[in-house]
Amino acid sequence: GFPIIPAEFWEATRDTPRPGFPATKTLGIAAPGKVDAVFWAVERDSCSIQVSFPSVRDGEEQPEHARIQVWLLESDGTAISPLMPQLPPIAIANGGWTTPSVAYVFPAFARTEAVAVVVRIDDDYHVEALAPQASNKAL
């Protein structure tokens, strides 16, 4: 299985910038039955995209997950490469449910240079503009 992270930690950082925690924004990307949510997080030394798959009841077997690829784009269409391949999957536990997730970590300059994110979910591409460059510094 996945390492389990308590939901309270994740919920405390979502959409509310707080000292010592990444500023996190919920994006409007989802694919029913495949991906429940996509998050954009900005930290001091990196940025990340987290993709959350559908939750399952604790103890139930995880279904096979959708194939995921993620790109951040600069204004000229250039892709910003992640710092490393997809991080190992984690699972967030909350009230008898577990939500498996994967994350992609990008360099810190992406906070001001990335203007869009592209998430490939199986054979479908989802694109969302990120906040204007100046306001991306603090989401």
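Helices here are DSSP runs of H or I with at least four residues, strands are E runs of at least two, and both are numbered from the N terminus. With that settled, hello everyone, here is our protein. From the N terminus, its elements read β-α-β-β-β-β-β-β-β-β-α-β-β, giving two helices and 11 strands.

Two housekeeping points. This is a predicted model, where local features need pLDDT of at least 70 and side-chain atom pairs count only at pLDDT 80 or more, while totals for chains, interfaces and linings use all residues. Residues are numbered from 1 along each chain as its sequence is written, and side-chain values use heavy atoms, with hydrogens and water left out.

Let's start with the whole protein. Of its 139 residues, 40% are buried; buried means under 20% relative accessible area, exposed over 50%, and partly exposed in between, with a 1.4 Å probe and protein chains only. Now contacts, meaning heavy atoms within 4.5 Å. Among those with a separation of 6 or more, 59% join residues 24 or more positions apart.

Next, the inside. In soluble globular proteins, nonpolar side chains tend to be buried together. A nonpolar core is a set of buried Ala, Val, Leu, Ile, Met, Phe, Trp, Tyr and Cys residues joined through side-chain atoms within 4.5 Å. The largest one here has 25 residues, and those touching the most other members are Trp40, Ile49, Val51, Ile68, Val70, Leu72 and Val117. Strand 3 (37–42), strand 4, strand 6, strand 9 and strand 10 (116–121) each supply at least two residues of this core. Take Val70: leaving aside residues up to four places away in sequence, its contacts include Ile49, Tyr104 and Val117.

In strand 4 (residues 46–52) we also find Gln50. Is Gln50 buried or exposed? Gln50 counts as buried, because its relative accessibility is 9%.

Now the aromatics. Rings of Phe, Tyr and Trp (its six-membered ring) pair if their centres lie within 6.5 Å; planes under 30 degrees apart count as stacked, over 60 as edge-to-face and the rest as tilted. That rule gives one aromatic pair. Trp71 and Tyr125 are stacked, at 6.1 Å centre to centre with 25° between the planes. Trp71 sits in strand 6 (residues 68–73) and Tyr125 in strand 11 (residues 124–129), so the pair ties together parts 54 residues apart in sequence.

Last, a hairpin. Strands pair if DSSP finds at least two bridges between them. Strand 8 (residues 90–94) and strand 9 (residues 97–107) pair in the antiparallel sense over five bridges. Two residues lie between these strands, and Gly95 in this hairpin takes a positive phi near 55°.
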